Amino acid sequence: MKRRTFIKKTAASGLACTFPPVLTLNSDPDYSILELMGKAEIALYGEGINLREEAYEAFVKMKKAAYSDGFDIKMVSSFRDFYRQEGIWERKYLRYTEDDEMQPLDAIDKIIEYSTIPGTSRHHWGTDIDIIDGFPKITGDVLVPEKFEEGGPFMKFKAWLDENSESFGFYLVYTDEPKRRGFKYEPWHYSYAPISIPMLTAFRKKNILKLLQNEDFVGCEHFTTGFLKTYIQNNILDINQNLL
């Protein structure tokens, strides 16, 4: 198993007050398939943040701006390698099929409401974040849409993100657009577009179908060609159009 490399930097370097970055994309990306699938070692910055350097610096600036406006951005999840995603997938599959006695295909459909097939998670890239406001005192699961909606503890935080996140390069991935398919609405999941757009472009050039067919983890024996084609179209590509 390959292990990721963490490079910790002090937050001070990212706290300098500057103008919000203009959205400029990496014009010459060179991402290996192992990197795109979360199987390669990459440099990650910031203790408890764990993003690529440019995304880390943008996140720290956004965090500082949010704090000035009364919000304490807390990272729930950022980089996640293939093997961690594999563990999440397999735990859910076994729980649904064994504990809940669901049929395999029903279990898979349930998993992909919110969780990705290992190797296809945007969290593999070191560009994507799941975030909440750390100030409200709440109990139970924090990553549920209702807590970001009217009357929820993160309602004002979500309004702040809607107004400000894109000026720092972070875009909501799985929107509440009625016609969008694939993963359900995730008001907590943002992506650093200047890097994630080129990475998705590189990933789309790979034979994702064949890559997934070559994997071996619990439940993957039930993947059909038709299912994988639909998954690629709906779950990987039917996202915020600004991230394509």
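The largest pocket holds about 640 Å³ of space. The model behind this value is a predicted one. As for what surrounds that space, 26 residues line the largest pocket, and Arg-80, Lys-92, Tyr-114, Ser-115 and Leu-143 are the ones nearest its centre. Strand E3 (73-77) and helix H3 (82-99) each put at least two residues into the lining. H3 is the biggest giver here, with 6 residues.

Next comes strand E6, which spans residues 189-192 and is covered on both faces. His-189 and Ser-191 are buried on one side, while Tyr-190 and Tyr-192 are buried on the other. E6 also has strand partners. Strand E4 (residues 128-133) runs antiparallel to E6, and 3 bridges join the two. In this pairing Asp-128 sits opposite Ser-191 of E6. Strand E5 (residues 170-172) is likewise antiparallel to E6 and is joined to it by 3 bridges. Here Leu-172 is the residue that faces Tyr-190 of E6.

Helix H6 takes in residues 193-204, and Ile-195 is one of them. With a relative accessible area of 8%, Ile-195 falls under the 20% cut-off and so counts as buried. Once its neighbours within four places in sequence are set aside, Ile-195 is in contact with Tyr-31, Arg-52, Glu-54, Ala-55 and Thr-127. Gly-126 is 69 residues away from Ile-195 in sequence, yet the C-alpha atoms of these two residues are 9.1 Å apart in space.

Helix H5 (residues 155-164) has two sides to tell apart. Its buried residues are Phe-157, Lys-158, Trp-160, Leu-161 and Asn-164. These residues lie on the same side of H5 because they cover an arc of only 155 degrees around the axis. The other side of H5 carries Lys-156, Asp-162 and Glu-163, which are exposed. What do the buried residues of H5 pack against? Their partners are helix H2 (53-68) and the strands E3, E4, E5 and E6.

Key:
Residues numbered from 1 in each chain as written. Predicted model: local features only at pLDDT ≥ 70, side-chain atom pairs only at ≥ 80, totals over all residues. Heavy atoms only, no water. 1 Å grid on protein atoms, 1.4 Å probe; cavity = no way out; pocket = protein on both sides within 12 Å on 5 of 7 lines; lining within 4 Å. Points joined across faces, edges and corners; volume = space filled by probe spheres on them. Helix = DSSP H or I, 4+ residues; strand = E, 2+ residues; numbered from the N terminus. Buried < 20%, exposed > 50% of the residue type's maximum accessible area, 1.4 Å probe, protein only. Pairing = 2+ DSSP bridges. Contact = heavy atoms within 4.5 Å. Arc of directions from axis to C-beta.
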